[in-house]
Amino acid sequence: MDNVIADIDIIKDSDQTAEACETFKVSETEDTGKERKVYIESYGCQMNFADSEIVSSIMKKEGFDTTSDFNEADVVFLNTCSIREKAEQTVRKRLSQFNKVKKSRPEMMIGVLGCMAERLKDKLLEEEKIVDLVVGPDAYRDLPNLVQTVDNGQKAVNTFLSREETYADISPVRLNSNGVTAFISIMRGCDNMCSFCVVPFTRGRERSRDPHSIVAEAQDLFDKGYKEVTLLGQNVDSYKWSEEINNKARLEKSDVTEIINFANLLEMVAKVSPELRVRFSTSHPKDITDEVLHTMNKYENICNYIHLPAQSGNSRVLELMNRTYTREWYMERVDAIRTIIGEDCGISSDMIAGFCTETEEEHKETLTLMDYVKYDFSYMFFYSERPGTLAAKKFEDDIPLDVKKRRLSEIIAKQQEHAFARNKRDLGKVHRVLIEGFSKRSDEDLQGRNTANKVVIFPKKHYQKGQYVDVLVDDCSPATLFGKIVD
């Protein structure tokens, strides 16, 4: 598998400057004696990984075990990302590799799921002859019927986008689980319509999941020994739910008064147990409220870390991106975080270099915004035009590639400088760390994360995965803290 990953140019999770849509996970083997096996490769964001766990649950009920070896699989699913062209090229290259396998095993079923499936729909069947079924993010309940259709000798497609589907009643089968941390999807879709982004077209309108089902899932995970949950949504701060309506757009036009917002939900999950850490992602600068920040400050088990994508440091470019906030608004939200939660709260970001018409001075404003915030880490990209987006329709992709790459390299260098400086602030301090497993480099060391989402590595001694330990940090790199457990 390592050779496969190298061949298709996957950037590993541990690289904090990596482009987020190129992380990669494979289903683990679960052999319970079922007749058929499904293999799932997941690309992209945490939402995709959470969706693959829902797919696994649906397929398990239909008589499938999961496998980590596609050579053993009766059905192969690629759960795809479509946020940039390179992400789709990665999937197409992977399909060409599977084509070689399918020539010797023609009965193996190939399905493309997720955002790329939703964007291309049945066109994907024409372009990739190897593909047997195409399923969008809101149609996973239909997978048993679609698989049956392919079993009967026909191609199958369902890319219907729902205004209601949240999969709230489906208990995910945890894939690649360390038994300590887990994702909980709290909402689906996005209403923001950023001009560069395909997500509103591939995941539909925002709708929030029943909070009682979210709390029940968090409680179940804690009862099973999990110590940390991450609440997931394209824009968690816009979470709004009522008994009557779970579609945000309709809810905001209604006269419903009893609404559970994100701050309320965060508190409900935090109350499951003080021993259960709570994280969330992603926040939108236009929506994150002081109420959320005060809730974070109130509960020690809500981690002091916020992913707050800026995308650009220039107000004109932000307007072209349809981000609906200015540079000054963003800086005010960062000031609020530092004031209410404190200087040690971890803040990360997404940055896009070379968006349409971006000037050199505007690029420098991104660098100065980074100087102002001093992010702990970031996901950094150069602009990739996506078909169907507002930017593709209205703006010329006029920044030369070499300029985009040079600007991106300056952003990356700036980020590495700040990450190192932020980590140096942690030297000599004791950090509460949740152990997630062995260090990737040595079985003699363990690793976990502190409240600010920073990886901390330390000698294992007699400690085990799932325990909380206090670690005195005595060294660091731009990406990692190193220390020793304080007994």
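## Strands, loops and backbone exceptions in a predicted model

A hairpin of 3 residues connects β21 to β22. The structure is a predicted model, in which local features need pLDDT of at least 70, side-chain atom pairs count only at pLDDT 80 or more, and totals for chains, interfaces and linings use all residues. Residues are numbered from 1 along each chain as its sequence is written, and side-chain values use heavy atoms, with hydrogens and water left out.

### The chain as a whole

The protein chain holds 16 helices and 22 strands. Both are DSSP runs numbered from the N terminus: helices are H or I with at least four residues, strands are E with at least two. Along the principal axes, the C-alpha atoms fill a box of roughly 60 × 60 × 55 Å.

Of the 487 residues, 59% are buried. Buried means under 20% relative accessible area, exposed means over 50%, and partly exposed lies in between, with a 1.4 Å probe and protein chains only. The accessible surface of the protein chain is about 20200 Å². Carbon and sulfur atoms supply 49% of that surface. Areas come from the Shrake-Rupley method with a 1.4 Å probe; for residues, only the protein chains shown count as cover.

Among contacts in the protein chain with a separation of 6 or more, 72% join residues 24 or more positions apart.

Charges come next. The protein chain carries 68 positive and 83 negative side chains. The centres of the two sets lie 2 Å apart. Lys and Arg count as positive, Asp and Glu as negative; His and the chain ends are not counted. Each charge is placed at NZ of Lys, CZ of Arg, CG of Asp or CD of Glu.

### Two sets of paired strands

Strands count as paired if DSSP finds at least two bridges between them.

| Strand | Partner | Direction | Bridges |
|---|---|---|---|
| β18 (residues 430–438) | β21 (residues 468–476) | antiparallel | 5 bridges |
| β21 | β22 (residues 480–485) | antiparallel | 5 bridges |
| β2 (residues 36–43) | β4 | parallel | 5 bridges |
| β4 | β5 (residues 109–114) | parallel | 6 bridges |

How many residues of β4 (residues 75–80) are buried? The count is 6 of 6. Val75, Phe77 and Asn79 point one way from the strand. Val76, Leu78 and Thr80 point the other way, and all of these residues are buried. Asn79 has Ser42 opposite. Thr80 stands opposite Gly114 in β5.

Ala270 lies in helix α10 (residues 262–270). Is Ala270 buried or exposed? Ala270 counts as buried because its relative accessible area is 4%. Beyond neighbours within four places in sequence, Ala270 contacts Val278, Tyr299, Asn301 and Ile302. Met296 is 26 residues from Ala270 in sequence, and the C-alpha to C-alpha distance is 9.3 Å.

Ser384 sits in the loop between β17 (377–382) and α15 (390–394). Its relative accessibility is 16%, so Ser384 counts as buried. Neighbours within four places aside, Ser384 touches Arg84 and Glu85.

### Backbone exceptions

Most residues other than glycine have a negative phi, and most peptide bonds are trans.

Thr282 belongs to the loop between β14 (277–281) and α11 (290–298).

Tyr167 lies in the loop between β7 (156–158) and β8 (181–185). With a relative accessible area of 1%, Tyr167 is buried.

Asn322 occupies the loop between α12 (315–320) and α13 (327–340). Asn322 is partly exposed, because its relative accessible area is 28%.

Definitions and conventions: Contact = heavy atoms within 4.5 Å.
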